[in-house]
Amino acid sequence: MKYLLKFKKYGKSMYISHNDTLEEIERIIRRAKVPIEYTQGFHSKIKLSISQAVPLGYINRALFIILNTYKEYDFSKFNNFVSEGFKLIEYKQIDENYKFNIKYYKFKVYISKNLFEIFNSFNMSENFIDFSYENNRKDIYVLKYKQEYNKIYNIWKIFSGINEDFLFYPIVEDVIWGD
């Protein structure tokens, strides 16, 4: 059996690296006693695939896992076993030859006015697909854009030298699947 699981990674867990996230997912799967398949060989590992890494510090509402099991498993109570900062949002059984075909990540980033001015001065909007923004209340700007699955640019890089108060709240909202 093969399953596609969609997780949300938030709170303190958004500061866990991609490799550590993978290890944490493996621990959760063992705690839930999922009948998992292992690779063959001397140092066998759980048969699973995880979606592309997103920048550290981003809330990820689109963390996908493909998991192989040797028999059916009911994931309805899976959230009883997850660590703080992780939540299983959706799951479904998929075909044995299913592979990730994610084309884009959709981002929503809340930033303060001072960061928005820096963002505009670098003319960064040209680097993103379907870029738009709106001025929320109290000079909070909401940036919305897409980036190609394997070409994610962390916009925090342009703000790293700021020495004043700011708001930076980045979210990976969803994915757009390819053909």
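Trainee: What covers the buried residues of α1?
Mentor: The cover includes four strands: β1 (2-9), β2 (48-50), β3 (59-68) and β4 (86-94). Keep in mind that this is a predicted model.

Trainee: And which residues of α1 are the buried ones?
Mentor: T21, E24, I25, E26, I28 and I29.

Trainee: Why would residues a few places apart in a helix point the same way?
Mentor: An α-helix has 3.6 residues a turn, so positions three or four apart point the same way. In α1, T21, E24, I25 and I28 are among the buried residues.

Trainee: How far does α1 reach from its first C-alpha to its last?
Mentor: Helix α1 covers residues 18-31, which is 14 residues, and reaches 20 Å. That is close to the 20 Å expected at 1.5 Å a residue.

Trainee: What follows it?
Mentor: K33 follows α1, and its phi is positive, near 55°.

Trainee: Switching to strands. How many does the chain have?
Mentor: The protein chain has 8 strands, along with 2 helices. In sequence order the pattern reads β-α-β-β-β-β-α-β-β-β.

Trainee: Is β7 mostly covered or mostly open?
Mentor: Mostly covered, with 7 of its 9 residues buried.

Trainee: Which way do β5 and β7 run relative to each other?
Mentor: Antiparallel, with 9 bridges joining β5 (residues 102-112) to β7.

Trainee: What about β6 and β7?
Mentor: Strand β6 (residues 129-135) and strand β7 (residues 140-148) also pair in the antiparallel sense, over 5 bridges. Y133 stands opposite L143 in β7, and I129 has K146 as its bridge partner there.

Trainee: How many residues lie between β6 and β7 in the hairpin?
Mentor: There are 4 residues between them, and K138 in that turn has a positive phi of about 55°.

Trainee: Zooming out, how much of the chain is buried?
Mentor: Of its 179 residues, 44% count as buried. The chain exposes about 10,600 Å², and carbon and sulfur atoms supply 45% of that.

Trainee: What share of the contacts join residues at least 24 apart?
Mentor: 78%, taken among contacts between residues at least 6 apart in sequence.

Trainee: Last one, charges. How many positive and negative side chains?
Mentor: 27 positive and 22 negative, and the centres of the two sets lie 4 Å apart. For scale, the C-alpha trace spans about 55 × 35 × 30 Å along its principal axes.

Notes
Residues numbered from 1 in each chain as written. Predicted model: local features only at pLDDT ≥ 70, side-chain atom pairs only at ≥ 80, totals over all residues. Heavy atoms only, no water. Buried < 20%, exposed > 50% of the residue type's maximum accessible area, 1.4 Å probe, protein only. Contact = heavy atoms within 4.5 Å. Areas by Shrake-Rupley, 256 points an atom, 1.4 Å probe, with all protein chains shown as cover. Lys, Arg positive; Asp, Glu negative; His and termini not counted. Charge placed at Lys NZ, Arg CZ, Asp CG, Glu CD. Pairing = 2+ DSSP bridges. Expected span 1.5 Å × (residues − 1).
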